[in-house]
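Subject: Handover of a protein structure

Dear colleague,

Please find the structure below, together with its sequence.

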Amino acid sequence: MFASLRAFWSQSFNLPAPPLTEKNLPDQKGKVYLITGSNTGVGYQVASILYSHNAKVYVAARTESKALAAIDSITKLHPKSTGSLHYLHLDLSDLSTIKASADDFLARETKLHWLNNNAGIMTPALELKGAQGMDLSYQTNILGPFLFTKLLLPVLQKTAASEPAGSVRVSWAGSLATILLAPNGGHTWKKGKDGLDELDDTIGKSPIYGTTKSANFYLGHEFARRNPRDKILHTTYNPGNLASDLARHVSSIQRFFIRGLLYAPIFGAYTEIYSGLSPDLTIEKDQGGFIIPWGRRGSVRPDQLAELEKGEQGEAAKLYDWCERVTKQYQ
């Protein structure tokens, strides 16, 4: 309880100025970045900042027309950029399509310096399902990013081999919900039709959303733990309480009460840029860490940290294994 209250206060009010913005970000010429969900909201702002500093940016999104409109808008905002913007089709709610998206990227690029798993969905109707019939939030926020990251891991490892340790990164989209809404231990299980454990999708919209955000924190930690020699830095971020499209499934009454807590999406972009590019973060100190607004080291709840300490016997490892089992046929 006290950990949640402290997190809510420290990550919502009297926030310090962001340490890394478009004003002091170094030139990004020669870097290749892939930002999921960057056709709108925070992801759009991240792509815009990177492109304005001459990076090559892949705008990964489900709808081509929306991605191309975003690319056109960003290009017009920064006419002097020597970078480039490219559309990559990605539908995280359909596991059967994700390998084709990863293969498309790999056919075009031999390097990837930052994979930002920014895309996600928040509290959709419980009857909505992903293409494989599972809970839409679990497919879009957990299984899709897991599979996409797993398929791109070889190019990330190859890039990291010739770059300074920790400069090649994978960022995972967390939230204040990681702390406030996730069940004890991060998630709960139920028995599936095959008799094996699967994430419980009967716990309600808010706990499901919290589960997905806690899961991303666990996955970032597990990818790092299971690949200790690849020099890739994994972090999870709470971008902040933002007035973005992510809240489109939130009721009008809820939006009315939370509007005073919301900041412009650009501030969330600063959090994500810090997670992906700040030289202050290192593998030695920050591997698997949790970044809070607008670019600071933070932490999750004691019960979640305790699961990490259990290693292969903890909930983080069990969650990773579940993701591996569910997505194996699509790898």
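**Salt bridges**

Aspartate 194 counts as exposed, since its relative accessibility is 52% (exposed means over 50% relative accessible area, buried under 20%, and partly exposed in between, with a 1.4 Å probe and protein chains only). Before its partner is described, please note that this is a predicted model, in which local features need pLDDT of at least 70 and side-chain atom pairs count only at pLDDT 80 or more, while totals for chains, interfaces and linings use all residues. Residues are numbered from 1 along each chain as its sequence is written, and side-chain values use heavy atoms, with hydrogens and water left out.

Aspartate 194 forms a salt bridge with arginine 325, and their closest N and O atoms are 3.8 Å apart (a salt bridge is a side-chain nitrogen of Lys or Arg within 4 Å of a carboxyl oxygen of Asp or Glu). This pair joins distant parts of the chain, 131 residues apart: aspartate 194 is in the loop between strand 6 (189-191) and strand 7, and arginine 325 is in helix 12. Helices (H or I, at least four residues) and strands (E, at least two) are DSSP runs, numbered from the N terminus. Arginine 325 is partly exposed, at a relative accessible area of 37%.

The structure holds 17 salt bridges. Another of them is between the side chains of glutamate 163 and lysine 31, at 3.7 Å from N to O. Here too the pair links distant parts of the chain, 132 residues apart, with glutamate 163 in the loop between helix 5 and strand 5 (169-173) and lysine 31 in the loop between helix 1 (2-10) and strand 1. Glutamate 163 counts as buried, at 16% relative accessibility, whereas lysine 31 counts as partly exposed, at 25%.

Arginine 301 and aspartate 303 also meet through their side chains in a salt bridge, at 2.8 Å from N to O. Arginine 301 is buried, with a relative accessible area of 9%.

**Confidence**

The protein has a mean pLDDT of 94, and 94% of its residues reach 70 or more (pLDDT is the predictor's confidence in each residue, from 0 to 100). Confidence is highest in strand 1 (residues 32-36), at a mean of 99, and lowest in helix 8 (residues 252-258), at 50.

**Nonpolar core**

The largest nonpolar core has 52 residues, and those with the most contacts inside it include Leu34, Phe148 and Trp322. Such a core is a set of buried Ala, Val, Leu, Ile, Met, Phe, Trp, Tyr and Cys residues joined through side-chain atoms within 4.5 Å. Among the elements that give two or more residues to this core are strand 1, helix 4 (95-108), helix 7 and helix 12. Helix 5 supplies the largest share, twelve residues.

**Cavity and pocket**

Rolling a probe the size of a water molecule over the atoms shows where empty space is left. On a 1 Å grid over the protein atoms alone, a cavity is a set of points where a 1.4 Å probe fits but cannot get out, and a pocket is an open set with protein on both sides within 12 Å along at least five of seven lines; lining residues have an atom within 4 Å of a point. Grid points are joined across faces, edges and corners, and a volume is the space filled by probe spheres set on the points.

The structure holds one cavity of 30 Å³ or more. The largest cavity has a volume of about 60 Å³, and its lining includes Thr123, Asp135, Lys205 and Tyr209. Helix 7 gives the most to this lining, with three residues.

The second largest pocket has a volume of about 370 Å³. Of the 17 residues that line this pocket, Gln132, Met134, Glu198, Trp322 and Val326 lie nearest its centre. Strand 7 (197-199) and helix 12 (315-327) are the elements that give two or more residues to the lining of this pocket.

**Glycine 295**

Glycine 295 lies in the loop between strand 9 and strand 10 (296-298) and counts as buried, at 6% relative accessibility.
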